[in-house]
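Dear colleague,

I am passing on the structure below, together with notes on what turned up when I went through it. Please read them with the model open beside you.

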Amino acid sequence: MSFHAIDAWWWPYLFIIVGGWLATDMWRFVGVYFGGKLAEDSELLVMVRCIATALVAAVIANLVIFPSGALAATPLWLRVGAGLAGFAAYLAAGKRVIVGIIAGELVLAGGMLL
């Protein structure tokens with residue numbers, strides 16, 4: 001069955017509900033159901049947390065190394081430097097995420113203006 005299988009006005013809406021919403025939310029509901037039964041320090045949950053953290057780190061690294069849009073016009077050393085400055089500010093401020101984000105943004109914006 002494909003998007004063009006049925007020629008009715010309601011078909012795109014049903015296709016979106018079944019193909020988009022139900023297919024992804026079903027796994028969220030299963031995760032919430034089983035997540036309540038797991039201990040927070042269980043090895044399975046630690047592994048899931050490690051994989052999720054690694055995926056986020058990979059996405060951020062991809063955005064820094066292979067950016068698109070206006071960020072692609074900036075040099076790599078500026079993007080990496082802004083990330084390092086943001087991380088240093090995050091640690092110096094007692095692991096406050098907002099401080100790290102603002103510091104990284106300031107370094108990046110300052111470098112782009114120079």
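**Overall build**

The secondary structure of the chain comes to four helices and zero strands, where helices (H or I, at least four residues) and strands (E, at least two) are DSSP runs numbered from the N terminus. From the N terminus on, the order of these elements is α-α-α-α. This is a predicted model, in which local features need pLDDT of at least 70 and side-chain atom pairs count only at pLDDT 80 or more, while totals for chains, interfaces and linings use all residues. Residues are numbered from 1 along each chain as its sequence is written, and side-chain values use heavy atoms, with hydrogens and water left out.

A compact globule of 114 residues would have a radius of gyration near 13 Å, whereas the chain has 21 Å; the radius is taken over C-alpha atoms, and the globule rule is 2.2 Å times the number of residues to the power 0.38. Along the principal axes, the C-alpha atoms fill a box of roughly 55 × 45 × 20 Å. Of the 114 residues, 12% count as buried, a term that means under 20% relative accessible area, with exposed meaning over 50% and partly exposed in between (1.4 Å probe, protein chains only). The accessible surface of the chain is about 9100 Å², and 75% of it belongs to carbon and sulfur atoms, by the Shrake-Rupley method with a 1.4 Å probe. Among contacts in the chain with a separation of 6 or more, 24% are accounted for by residues 24 or more positions apart, a contact being heavy atoms within 4.5 Å.

**The largest pocket**

The largest pocket has a volume of about 620 Å³. On a 1 Å grid over the protein atoms alone, a pocket is an open set of points where a 1.4 Å probe fits, with protein on both sides within 12 Å along at least five of seven lines, and lining residues have an atom within 4 Å of a point. The volume is the space filled by probe spheres set on the points, which are joined across faces, edges and corners. The lining is made up of 20 residues, of which Ile 60, Val 64, Ala 82, Gly 83 and Gly 104 lie nearest the centre of the pocket. Helix H2 (43–65), helix H3 (76–92) and helix H4 (97–113) each supply at least two lining residues, and H3 gives the most, with seven. By class, the lining has 14 nonpolar, four polar and two charged residues; Ala, Val, Leu, Ile, Met, Phe, Trp, Tyr, Cys and Pro count as nonpolar, Asp, Glu, Lys and Arg as charged, and the others, Gly among them, as polar.

**Single residues**

Leu 78 is found in helix H3 and is buried, with a relative accessible area of 6%. Leaving aside residues up to four places away in sequence, Leu 78 touches Val 107, Leu 108, Gly 111 and Met 112.

Helix H1 (residues 11–35) contains Val 32, which is exposed at 62% relative accessible area. Leu 14 is also found in helix H1, and with 35% relative accessibility Leu 14 counts as partly exposed.

Lys 95 lies in the loop between H3 and H4 and is exposed, with a relative accessible area of 58%. Most residues other than glycine have a negative phi. Lys 95, although not a glycine, has a positive phi of about 60°.

With best wishes
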